[in-house]
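Morning, everyone. I have one structure to go through today, so let me put it on the screen.

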Amino acid sequence: MHLTTLKWCSGGMASIPMRPSIRVLAVLTLLFTVHMLQIGVFAVAFALAERWLNLGAFAGETIAAPLDYYYFSAITYTSLGIGDIFPTGHLRFLTGVEALIGLLLIAWSASFLYAMMNRLWVWQPCVRPDGTSQDMSGRTPARDCQQGNTGEDGGHA
């Protein structure tokens, strides 16, 4: 699910005309939605594992509604782990697997967004305390422009 989404964001979505800031916001919204769906898949797995497969139970706060499984799945996926609901039996293993998968997928999304923003956004030079401009590399952009230097990448963003 995640791979398909990222492939579409980097390829198929390119044919849709958008400003870079709108594209970043659209990808962010899409990735958030995919993460919420993945949390839902784990919530269903927890409900099935507890109620029909009898792989364990949940202790602490009572799980009374389907949203309680989703809540537990969300705090596990994000590695928040509040601890008000905790698994017993073999459900502990599924909990650990979800935490690892959530960590990897959140990191994957973050690195994808970073790479996308680095490619799409034009970063403005920062102003130093002495009033001169400085880009992220520490060079003074005005000097580089006067010499015809457009940067290490040849002016391609």
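This is a predicted model: local features need pLDDT of at least 70, side-chain atom pairs count only at pLDDT 80 or more; totals for chains, interfaces and linings use all residues.

The cut-offs behind that are under 20% for buried and over 50% for exposed, with partly exposed in between. Ser79 sits in the loop that links helix 3, residues 66-77, to strand 2, residues 85-89.

Now the overall layout. The protein has five helices and four strands. Going along the sequence, the order is α-α-β-α-β-α-β-β-α. Of the 157 residues in the protein, 27% are buried.

How do helix 2 and helix 4 run relative to each other? Helix 4 covers residues 91-120, and its axis comes within 11 Å of the axis of helix 2, with a crossing angle of roughly 175°. Angles over 145 degrees count as roughly antiparallel, and that makes helix 2 roughly antiparallel to helix 4. Sorted by class, the residues in the contact between helix 2 and helix 4 are 19 nonpolar, four polar and three charged.

Staying with helix 2, Ser21 is found in this helix. With 37% relative accessibility, Ser21 counts as partly exposed. Ser21 and Trp121 are 100 residues apart in sequence, yet their C-alpha atoms are 7.6 Å apart in space.

Let me move on to the loop between helix 2, residues 20-51, and strand 1, residues 56-60; Leu53 has its place there. Is Leu53 buried or exposed? Leu53 counts as exposed, because its relative accessibility is 56%. Leu53 also belongs to a nonpolar patch on the surface, together with Val44, Leu48, Trp52 and Leu55. The accessible area of this patch is about 520 Å² in total.

Asn54 is in the loop between helix 2 and strand 1 as well. Asn54 has 61% relative accessibility and therefore counts as exposed. Asn54 is not a glycine, but its phi is positive, at about 50°.

To go back over the loops: Ser79 lies between helix 3 and strand 2, while Asn54 lies between helix 2 and strand 1.

Technical notes: Residues are numbered from 1 along each chain as its sequence is written. Side-chain values use heavy atoms; hydrogens and water are left out. Patches are made of residues with over 30% relative accessible area and no salt bridge: like charges are joined within 9 Å, nonpolar side chains (Val, Leu, Ile, Met, Phe, Trp, Tyr) within 5 Å. Accessible areas come from the Shrake-Rupley method with a 1.4 Å probe; for residues, only the protein chains shown count as cover. A salt bridge is a side-chain nitrogen of Lys or Arg within 4 Å of a carboxyl oxygen of Asp or Glu. Helices (H or I, at least four residues) and strands (E, at least two) are DSSP runs, numbered from the N terminus. Buried means under 20% relative accessible area, exposed over 50%, partly exposed in between (1.4 Å probe, protein chains only). Axes are lines fitted to C-alpha atoms, for helices over the stretch in contact, and angles run from 0 to 180 degrees between N-to-C directions. Angles under 35 degrees count as roughly parallel, over 145 as roughly antiparallel, 65 to 115 as roughly perpendicular and the rest as oblique. Ala, Val, Leu, Ile, Met, Phe, Trp, Tyr, Cys and Pro count as nonpolar, Asp, Glu, Lys and Arg as charged, and the others, Gly among them, as polar.
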